[in-house]
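We will go from stop to stop, selecting residues as we go.

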Amino acid sequence: MSSSYLIHDMIRVCPQTGELLEEEARAGTLAELSERSSELASPRNAYVSFQLIVKLGAAGPSAIRFEAEAPRSGWDEIGANEFAFYAQWYHRVQGRYYPDALVPLDGGEAGPRTLAAISAANEVEDQAYAAVWVDLFVPAGVGAGDYRGAVRVETGSGTDVHEIRLRVLHTAVPDESLIVADLNSYADNLSRRMDSLRSNPDRYEDGTYFRTEQAFFRMAHEHRCLLHYLPYEHSGRIPAAFIPELEGKGKEMRVKDWSVFDEHFGPYLDGSAFADTKRGAIPIPYMYLPFNFHWPADYAKFGTKGYRTEFAGIMEEFHRHFTERGWLRTKFELFLNHKKRYKLFPYDGDETRFVWDEKVNDIYYDLAKDVLEKEDGARFVFRTDASWSYGLHFEKYADLIKLWVVNHQMFSWFPESLGVLRGAGCEVWTYGGAERISRPLLATAISPLAAVARGVDGFVYWENTKWGDQWHETPDSEGSTAVFYPGDRLFGLQGPIPSIRLKVLRNTMQVADCMEQWIRAQPEAGRERMGEAIAEAFDLAPGAWWPGKPNFLDKPPYEWENAMFSEAPKASLHEGRPSETLNDLKRSLWAILG
Amino acid sequence: MKPKTYSLMEIARLGALFLPGDSLEDVMPPDRREYPLKVAGTESEFALGDEIDFVEDHFNALKRVLLLTERIDPLRRPYAALWIRRPENPALGEVMVAGGALPSEGTHIMALWPEILRAFSGRPTRRDRESGQTVYYPVRNSDEEIVGVLELTENVPPMFV
């Protein structure tokens, strides 16, 4: 009798009982799920994921070994080195164990990252099952067709052989994402949240910080996401390694030294930081500028000609330098994140609620317009993050603000806004947060699919590195503020380890990128056809992602009350749907795309 | 010329001379001064902050003096903030305007502590802290009433946000 199971990637399993943790799953048991999981299909240049669940015998996890056999077709092979194995780490959430962190297995029989060592560190009470997440990368260069391979699982009581039947499609996922999956965070939280950085006062000078940060950027990139790291605090303060050194004041203010800035950001902007990833050396598509209410211009001069001189002069230097360095594939964002709740400034630059604060859009556009309006060289854009006042602003500021990042619920109330912003050449992302660990994995698939269905350019998770000091037990906010975890304290890795939710996000981004690629090849009706495919798989009414307007839009946003939101329309795209719905969508999509 | 150094208390005294207390009294529009009452009973962690609004001219006048006060002694790197007592409950207080950084206590409404209460009663007060020092200095309006307290702190990590 088999003591291990190969299952697909959308259902998690309880380590104590082997029960399925996704309550909406169609499959009822692990054995039933395993029977339904043997067929895999993948585009080329993409990862396909599955899980191995092993019932622990008397010897526990120490007896378990994995070995992959290269999948072969009649004429081609996917190398065994394209498999990557991760031990699933269990967290205590809402009284249950859920797997989320994924620890890369080092393949040896000893060391800190064997399944036995990881399980011992995890200390799951009454553990009866161990689980391994497997990524198999299907290279762009292999031929389409049916492949056969296997994964052998030694369990101590014998060896299970799980055949892998993989259909490789003609379709290939593009290296460059056509939708931005934006993982936001705030500098320099990595230094506060990674033990190894926190304890190193020389981290910015000795190269440690840059190497560690690059590991986060690379992991995001490899998962078809963009790490977006706001360089300044609400006060306007910026760590020295995130800005060029300035000298002088007023008319004499200028950049004295770009060297640290270039060392820090150059590899992201020329793409070299990503040279060893599957997607290749693609420069990051967007990056925050450090400009804010109190840098480079001194806020003590706010409203004076000297404030303008300092702000505009340094922005001009940034543009010149970026252009000379050839950083032409990234859009550099002027974004004002300040919030008056912190009592540092009297305006909300972010999520304007009180309509009179909108004047900062006019003030800062005017300060930056010489650069924002340049048609040559590096591309600088004005960005806003909008919620309360979005309905009042999308027409008014469409000519000044070219990147709109909009609260996902409030955006859904204004379908008419998309045409207005598109007409003005703007890009639109929605923002929300990562899903809580206790939520179904299917929930994580929604943001990329909603982006395709609605025709927006991207989506943002507002915070992604706030795992909390006790993440290994229970992550902060049940994981909704982190899709990575730190690898240093427990596993000796100077960088992040991924989460299951990040893997699901990547796998759905592959789907979304294939859809978007197809839509661009048939602009007439492509989006409508893809929207129909999503609606059919999710059993949604047409246009379910536009749920209508609330009845309080006739009041100014500063009169809206919190209680109103609980009654306000909200798109509910996955509630109650089986976890296998994403697989249903993939099947119908692959039939269309081939 | 060799820069002259000042005690933190002397810097606070100089700063308080230039702080317009009337602007601190009126730094919020009248309908927002008791903003916590607007969201009483709400559980959202963001709701209270969403109710905060300022009179920009008053805020900016105070902020400018705070930023400049921090620079009076070029050999020191203090940060400055203005505290008020809550009108609906004077046992509580909060930072209302911050200079270059936020006090380590944060921005929430909180119970006031003995040293700052002493300053609210009119007596400049020094508070030695584990790694640094804070001074609290009364701020008066044009009627010579105490309407706030100026904090100057050195060598204590500010609140990160």
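Select Arg33(B) to begin: at 29% relative accessibility, Arg33(B) counts as partly exposed, because that class lies between buried, under 20% relative accessible area, and exposed, over 50% (1.4 Å probe, protein chains only). A salt bridge here is a side-chain nitrogen of Lys or Arg within 4 Å of a carboxyl oxygen of Asp or Glu.

A word on ground rules. This is a predicted model, where local features need pLDDT of at least 70 and side-chain atom pairs count only at pLDDT 80 or more, while totals for chains, interfaces and linings use all residues. Residues are numbered from 1 along each chain as its sequence is written, chains are lettered from A and ligands numbered from 1 in the order in which they are written, and side-chain values use heavy atoms, leaving out hydrogens and water.

Next, select Asp53(B) and Lys340(A). Their side chains form a salt bridge of 2.6 Å, N to O. This pair crosses between chains. Are the two residues buried or exposed? Both Asp53(B) and Lys340(A) are buried.

Move to Glu19(A) and Arg96(A). Here the salt bridge spans 3.7 Å, N to O. The partners sit 77 residues apart in the chain. Glu19(A) is partly exposed at 45%, and Arg96(A) is partly exposed at 27%.

The structure holds 5 cavities of 30 Å³ or more. A cavity is a set of points on a 1 Å grid over the protein atoms alone, where a 1.4 Å probe fits but cannot get out; lining residues have an atom within 4 Å of a point. Grid points are joined across faces, edges and corners, and a volume is the space filled by probe spheres set on the points.

The largest cavity holds about 110 Å³. Select Phe217(A), Tyr229(A), Phe265(A), Met287(A) and Tyr288(A), the closest to its centre of the 15 lining residues.

The second largest cavity holds about 70 Å³. Its lining includes Glu351(A), His393(A) and Trp404(A).

Last stop: residues 500-521 and 526-538 of chain A, which are helix 15 and helix 16. Helices are DSSP runs (H or I, at least four residues), numbered from the N terminus. What angle do these two make? They pack at about 145°, with axes 8 Å apart. Axes are lines fitted to C-alpha atoms over the stretch in contact, and angles run from 0 to 180 degrees between N-to-C directions. Contact means heavy atoms within 4.5 Å. Select Trp518(A) and Met530(A), among the residues where the helices meet.

Technical notes: 1 Å grid on protein atoms, 1.4 Å probe; cavity = no way out; pocket = protein on both sides within 12 Å on 5 of 7 lines; lining within 4 Å.
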